[in-house]
Amino acid sequence: MGVLTDYFRAPDAAAVVRELERTDGGSPEFDGVRAKRIDPTVLLGQLVAAVRQEPWRAGLVTETPVWPTAPLPGPGGPADEDDPWATGPWVTELGDDVRDALAGAGDERLPPAVAVWAVAEEWGGADPAELLPVAEELVALAGRARAAGERLYCWICL
């Protein structure tokens, strides 16, 4: 079973919730990028760190839960396997610093950053040439979000 991740831009969390209610939790129909396997915490965080030319660290990407709208489960996780927090899909809002770092990765800075990103253990030996197109799409999406004063979001589904 693979993890699906879509990154998209939207004006705010309320617009995202309205769209997810309309699609019954399906991938929202906003301007976005399909980025299978690129989770926001680790792999996207490693791309952001590479763009900033700093080491990756836990907490580099700030995420605010947007979906499901049910209250977050307490310690120990969801009590019920049918709880939407156990089954997904999930949407998180990414910090503006992530959007701005990606949006600021120009044509000259991106290929060297992707070369660093490709050696992340989670890729298991990726070819930078194969990762560059999705990195370019993420950078372009972040640029459009910043220009429009919008936020970046990540939709995750198992």
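## The main core

Let's start inside: the largest nonpolar core has 39 residues, and Tyr7, Ile38, Leu44, Leu47 and Trp117 touch the most other members. A nonpolar core here is a set of buried Ala, Val, Leu, Ile, Met, Phe, Trp, Tyr and Cys residues joined through side-chain atoms within 4.5 Å. Buried means under 20% relative accessible area, exposed means over 50%, and partly exposed is in between (1.4 Å probe, protein chains only). Keep in mind that this is a predicted model, where local features need pLDDT of at least 70 and side-chain atom pairs need 80 or more, while totals for chains, interfaces and linings use all residues. Residues are numbered from 1 along each chain as its sequence is written, and side-chain values use heavy atoms, leaving out hydrogens and water.

The top giver is α6, with eight residues. Apart from this core lies another one of eleven residues, including Val66, Val91, Tyr153 and Trp155.

## Rings that pair up

The structure has three aromatic pairs. Rings of Phe, Tyr and Trp (its six-membered ring) pair if their centres lie within 6.5 Å; planes under 30 degrees apart count as stacked, over 60 as edge-to-face and the rest as tilted. Phe8 and Phe30 are stacked, because their ring centres are 5.4 Å apart and their planes sit at 5°. Phe8 belongs to strand β1 (residues 4–10) and Phe30 to the loop between α1 (13–22) and β2 (32–34), so this pair ties together parts 22 residues apart in sequence. Phe8 is buried at 2% relative accessible area, whereas Phe30 is partly exposed at 26%.

Trp117 and Trp123 make an edge-to-face pair, with 5.3 Å from centre to centre and 85° between the planes. Trp117 is buried at 1%, and Trp123 is buried too, at 12%. Ring pairs also link Phe8, Phe30 and Tyr153 into a cluster.

## Two helices crossing

Now for α2 and α4: they pack at an angle of about 55°, with axes 9 Å apart. Axes are lines fitted to C-alpha atoms, for helices over the stretch in contact, and angles run from 0 to 180 degrees between N-to-C directions. The contact (heavy atoms within 4.5 Å) involves Leu44, Leu47, Val48, Val51 and Arg52 of α2, along with Asp97, Val98, Ala101 and Leu102 of α4.

Note on methods
Helices (H or I, at least four residues) and strands (E, at least two) are DSSP runs, numbered from the N terminus.
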